[in-house]
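This report describes the fold, a helix pair, a chain contact and selected backbone features of one structure. The sequence and coordinates come first.

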Amino acid sequence: MEIENKTVESIPAITIRFAGDSGDGMQLVGTRFTDTSAVFGNDLATLPAFPAEIRAPQGTIAGVSSFQVQIADFDILTPGDNPDVLVAMNPAALKAHLHDLAPNGMLILNEDAFEEKNITKAGYKVDPRESGELDGYRVFQVPMEKLTKEALEEFDLPGRAVLRSKNMIALGLISWTFNRPLEDTENWINDKFSKLPEIAKANIKALKTGYNFGITVEAFHHTYVVDKASLPPGEYTNINGNIGLSWGLITAAKKADLDLFYGSYPITPASDILHELSKHKNFNVITFQAEDEIAAAAAAVGASFTGKLAVTGTSGPGLALKSETISLALSAELPLVIVNVQRGGPSTGLPTKPEQSDLMFALYGRHGESPLPVVAAKSPSHAFYAAYEAARIALKYMTPVILLSDNYVATGSEPWNLPNTEELNNLETNIVTKLNTEDGFLPFLRNVDTFARPWALPGTPGLEYRVGGLEKEEGTGNVSYDAANHQYMTDMRAWKVSNIANDIDKLELHGDESADTLVLGWGSTYGGITQAVNRLNEKGVKVASAHFVHLNPFPDNTLEVISKFKQVIIPELNTGQLLKLVREAFLVDARGINKVSGEPFTALELTDKIEAIINE
Amino acid sequence: MSKIPVTYKRTDLQSDQEVKWCPGCGDYTILASVQNFMAEMGISKEKIVFVSGIGCAARFPYYMNTYGVHSIHGRAPAVATGVSVSNPDLSVWVVSGDGDSLSIGGNHLIHALRKNVNIKILMFNNQIYGLTKGQYSPTSEEGKKTKSSPFGSVEMPLNPMSLAIGAEATFVARSIDMDRDLTAGILEEAKNHKGSAFVEIYQNCNVFNDKAFEQLTNKETKVANRINLVHGEKTVFGEDGHKAVVIRNGIAQIVDTKDVDESEIYVHNIHEENPSIAFSLSRLSHGPYGPTPLGVFRKVQRDTFTEEVHGQIDSAIEQKGEGELDKLIRSLGTWDVS
């Protein structure tokens, strides 16, 4: 009977945001809905947002956690602009997110949470449902707690455990509204609670109750379907940036025929890389949770000395602590990848928010003349390739490489068309096992093409050598205070890095190449910029974009690309760091679009701002 | 470790670099002791790695014809941890000083000891900052007048033996530069120890802190002040053994031998699991002043970090098989788009 009353509207894309207390399970609901949609075949992108506090006071704005997902039947690059649907589990979640909801957007409220106490705690003077501020939205009030209690009456569970399942009501209802089958989530629940079958059953019951609520209540009889996206053929997985990056490192090690060493100290949002890598010991991965950030980097230097693909990972404040150790690796010319998952700074800053404000620090945050290559991941799946590329450069050129990610890339997810791992190139190393001159071993006798020094590993007879942070004599590697030698070695270290420009992918143009305006970006702004340029092109606005993966050195065709345009616009989640670099290196009068609000750019925002600059 | 015994001449272990410590520095004696010991320790020199931090002692790796890393201030135990866990076949030695180990590198030292990483840490304690030309160090005595403490240091010094024992070290010993035999014996014990070894070596800085250890080296006073800790032997010292160490209520005390029953004299046991007695012995002096224990304080067995890490890797491979990339990238579930 319900089928008769149901109207199904087909829409190309929808953006849904789930918001509630950090303990309400919103990340889980979002992830489940995402995975079901991925398996269904939608293109998608996600944006989780959570407070730095693990359990901030219940019912307060500070404690609100949210998860936004955009699903679409076409190729999308961002988790959406303003959500079309907002699920608010309490008044604080409503207050924190209502301003983003699109006009006439669908607002699903857990009405049981709208008690006077919670309303006051959220900072409302009057009940927002009665004040008129929800006018202009389609409001659906659902008694989620009451439904949960009734549904789970048959189970012998304590009250708190019962209420914990209310997120499943929300997930069931959204699954109904967007025509998503429950089977995938049921399997997931059974798997997750395989040792607690009562809990599994209770959660499934709550899930179905939410779904059936949609069937029963007429208000929900207008439902939506987002068709499969016409993605390029292939086998896909849904991946976030921290996992993509971890797998990229494992792959690089395997392709270099080396073992991976990862030294790290727990820090948000990089810790998940440590968690992920520590699971994969059967790849001969050594994970070392060090006593501090410095030790994590120092142990990685030790591992590199013995011939590991050595990596140390952190976030902003940790990069500051590693600075001196990175200089050691740079001076000793040892391969090392330093992962920095950027977050809002300075100091402790905004630990769970994205920002691109460590670019200058990555390039220049060391004492002395200490240039090193910098690579940045532009999306969750690209983090895999960026990690592989950073390792390639480190091993080939015997240098530390900084790999920049950020909270948006690290925790966001997207479908990834899996590569054929056989087709990924093997990575070269500079490992030597024999003397490199008739007179003996010269640890700083360089490769004539790459200027890399040979990598002699302890255990190799006859190549015993000593290396450290004191200046080394070219060739012998002996300590040298000679004036001309220091000049030479300083120049050589810089030249070695700038020479890499010939060995990296060229800067590519996207969009209307006949345009006068180029939008230039790096890192996680890739999705927003590309989508904005696509929209502008569709509107007939002439604009192109290019995106840096390599920030040092820039690709060798950069000047050629930039010179084709009269105007260069650089959007960044900082106050203008790439802007300064580009202005200095290429002497162009580039303009910035800058933001440091702890939020990524939306495509809508960039579309408007880019168009406004073009129209000036 | 190498299975075929290798012997070298001391010169085989000497690098071609000129040794540049100040003439008369205690480091020369220690270098000679280490080179002599290593010539006969039975490990091929390509399997030996010296790691140091910063300071006078930290130049040590440059003078050894082995692999070596002269790293950064205080971080040698962390670098060495990376070396050791990456290649368990290596014999890894850290050379450090009191400032390097106990001040800027205190955190790394205690964690390397706690984890029982298979590294041997030689800390040359001269109770002064030498390379920066004479500031007080974390082992300088209270009241010490230096360039940075012209009115005397107001700081309580650390007791390195107490610190190491408190940090769960499995091997703790003290030697002195002039006593080559004692140093050689301790190095041998340290080499054979499974896990981290912490060896403090009193080292005279004849330029900035000369005669700091005189009470233990001067012919007139050394017999009265050296308490030689020897496993399985009664702890008596002084002229004709007229002084002895006894343990009363768990606390080590110095008594006149004649005043106690022979059975009460402490018989040194380096293998005692409970660290209390070793700790108490370390409290007999707080620096090289008056009767001071030398020798191995403690040597107990515990699984090493290096072995445990590799044990987990081996069992993961045994259970899951060698990792395959194609399985890895599909491990979160996939779907096909045609």
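## Overall fold of chain A

Among the contacts in chain A with a separation of 6 or more, 76% are between residues 24 or more positions apart; two residues are in contact if their C-beta atoms, placed from the backbone, lie within 7 Å. The model is a predicted one, in which local features need pLDDT of at least 70 and side-chain atom pairs count only at pLDDT 80 or more, while totals for chains, interfaces and linings use all residues. Residues are numbered from 1 along each chain as its sequence is written, and chains are lettered from A and ligands numbered from 1 in the order in which they are written.

Chain A contains 21 helices and 25 strands, where helices (H or I, at least four residues) and strands (E, at least two) are DSSP runs numbered from the N terminus. Its C-alpha atoms fill a box of roughly 90 × 60 × 45 Å along the principal axes. Of the 616 residues of chain A, 56% are buried. A residue is buried if 20 or more other C-beta atoms, placed from the backbone, lie within 10 Å of its own, exposed if 12 or fewer, and partly exposed in between.

## Packing of H18 and H21 in chain A

Helix H18 (residues 526-538) and helix H21 (residues 603-614) of chain A have axes that come within 8 Å and cross at roughly 60°. The axes are lines fitted to C-alpha atoms over the stretch in contact, with angles running from 0 to 180 degrees between N-to-C directions. H18(A) and H21(A) are therefore oblique to each other; angles under 35 degrees count as roughly parallel, over 145 as roughly antiparallel, 65 to 115 as roughly perpendicular and the rest as oblique.

Residues of H18(A) in this contact include A:Ile529, A:Ala532 and A:Leu536, and those of H21(A) include A:Leu606 and A:Ile610. The residues of the contact of H18(A) with H21(A) comprise six nonpolar, three polar and two charged. Ala, Val, Leu, Ile, Met, Phe, Trp, Tyr, Cys and Pro count as nonpolar, Asp, Glu, Lys and Arg as charged, and the others, Gly among them, as polar.

## Contact between chains A and B

Chain A contributes 55 residues to the contact and chain B contributes 53 residues. On the side of chain A that touches chain B, H12(A) gives the most, with 10 residues. By class, that side has 28 nonpolar, 18 polar and nine charged residues.

In chain B, 11 of the 11 residues of helix H2 (residues 76-86) are buried, so this helix is largely enclosed by the rest of the structure.

## Backbone features of chain A

Most residues other than glycine have a negative phi, and most peptide bonds are trans. A cis peptide bond joins A:Thr268 and A:Pro269, with omega about 0°, and A:Pro269 is in the loop between E10 and helix H11 (271-279) of chain A. Another cis peptide bond, with omega about -5°, joins A:Gly345 and A:Pro346.

A:Glu333, not a glycine, has a positive phi of about 55°. This residue lies in the loop between H13 and E13 of chain A and is buried, with 26 other C-beta atoms within 10 Å. A:Leu587 has a positive phi near 50°, and counts as exposed with 10 C-beta neighbours inside 10 Å.
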